[in-house]
Amino acid sequence: MSPSIAWEQSIVEGHPTHPMHKTRCFLPPLPDYPPSSYDLLHPRLRFISVPRESVKTTYDFEGLTLPILKLASSKAGKDLTVKADQIVIPVHELQLVHIQDKFPDAYIYPDEFGLPLLAQQSLRSVIVPDAYHGVHLKLGVGVKLTSAVRTISPESAYLGPRFSAQVVPTLTMDRNIVTVARELASVVHSHPDGEIAKHCAAIIRECHEDMSDDRGERLIVCTALVEQGHAGQGGHLPAVIRIFDLDTEEKKLQWLQKFVTIFLKAFLPPMLHNGVAFECHPQNCVARFDLKTKELKGFVVRDFGGLRVHLETLKATTGIDMDFLDGHSIIAPTLDDVYTRMYHTIIHNHFQQLIRVLGLHYNGLGWDIVRDQLRQQIPRGHPLNDAWLSPDRRTLPGKCFLRMRMSSMYRFHLHGPFPNLIHYYGVEPRLKKT
């Protein structure tokens, strides 16, 4: 019964395999905040203005920011005035130091116009209470979390709203079970150096979580389902086991069967038909549950930074020439590259973590379910059969996080051979299913 933001903020363990999954580095000129000295889950929204000629906007960014400007003026008891040749940009309060350092043409509005925020688990996607219904902000923050500096690149600011408006409506998907959280508008500084421009950027994105009660649903970010160690009765159990009363192996198998079935029906079709792989790892994927019955109804996927798109297949199946900036990391040279990204996010990351938490890994029972559903849902003769299900595919390329970290890589990846978990039958002797 807790609101979706409470689930977002319950996450402690986070990424299941990244060796630096919760490290945080405050990049200069930010001071080095000691642990617990700054509340990253409850920051403040601040405002700056810059000359219009200094930024690039996509779609109606100014119109969509009016509600927060009105709220800021109301809270301050005075108008937040904007000059005609200026544009106002909402920024994370930590980012003000970077703004002052990198953008001398920026004016910073006084703190009296600041607003309280509720941060999702990514820390840069934030809800502005009382300002929006169905919309939230994604803000650039000059903090390195895990591997990436959590800013917004010019490539991402350009692509997101265009992909949402032009590509998403044409994709092959069952929209009753999967919803794409569209990015509605964006702004990014026009500084010629993208490494500087990315520090002054923002995206306005659909937020389906705060409308879910109206539909009788609870939206829970999937990472939260596997967390444990909460206070209260049964808090030592992973949330998925405690909340859904999965106290027997049979119940766990039934729950996992439905989850895997709906998940693959949601995310395989865009890849199978259009050559588009969403990065639907547990942080980007939000599960929709019925508030009364707790039945899984579908998923919402958010964030386009980790997409993988094979342009030729997309064009052939939708007629769309995707609009993007040259050099964007989401472009896949081959379909096999698309399949590699999807394997990492679905099989290696999402399903593996859930199967292990449910105690269905070492006995192989969880992977039986995954194999059966893949065989049912991948058409015969489709190249994905050979890429994932062929008995000869004993390994698949996986992200080498530590090597990538030592090379300061995060958008482009280093891969090594990982065991293909689709062919895992457990450590207990038993007959293999054919």
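1. The model is predicted, so local features need pLDDT of at least 70 and side-chain atom pairs count only at pLDDT 80 or more, while totals for chains, interfaces and linings use all residues. Residues are numbered from 1 along each chain as its sequence is written, and side-chain values use heavy atoms, with hydrogens and water left out.

2. There are five cavities of 30 Å³ or more, a cavity being a set of points, on a 1 Å grid over the protein atoms alone, where a 1.4 Å probe fits but cannot get out. A volume is the space filled by probe spheres set on the points, which are joined across faces, edges and corners.

3. The largest cavity has a volume of about 70 Å³, and its lining residues (an atom within 4 Å of a point) include H92, R124 and R150. This lining divides into six nonpolar, two polar and two charged residues.

4. The second largest cavity holds about 50 Å³ and is lined by C222, T223, L225, V226, P282, H350, Q353 and L354.

5. Helix α8 (residues 249-274) has 26 residues, which at 1.5 Å a residue should span 38 Å, and its end C-alpha atoms are 37 Å apart, which agrees. The expected span is 1.5 Å times one less than the number of residues. Within α8, a kink of about 35 degrees lies at L268, shortly before the proline P269; the bend is the angle between axes fitted to the seven residues ending there and the seven starting there. Just after α8, G275 takes a positive phi of about 70 degrees.

Notes
1 Å grid on protein atoms, 1.4 Å probe; cavity = no way out; pocket = protein on both sides within 12 Å on 5 of 7 lines; lining within 4 Å. Nonpolar A, V, L, I, M, F, W, Y, C, P; charged D, E, K, R; others polar. Helix = DSSP H or I, 4+ residues; strand = E, 2+ residues; numbered from the N terminus.
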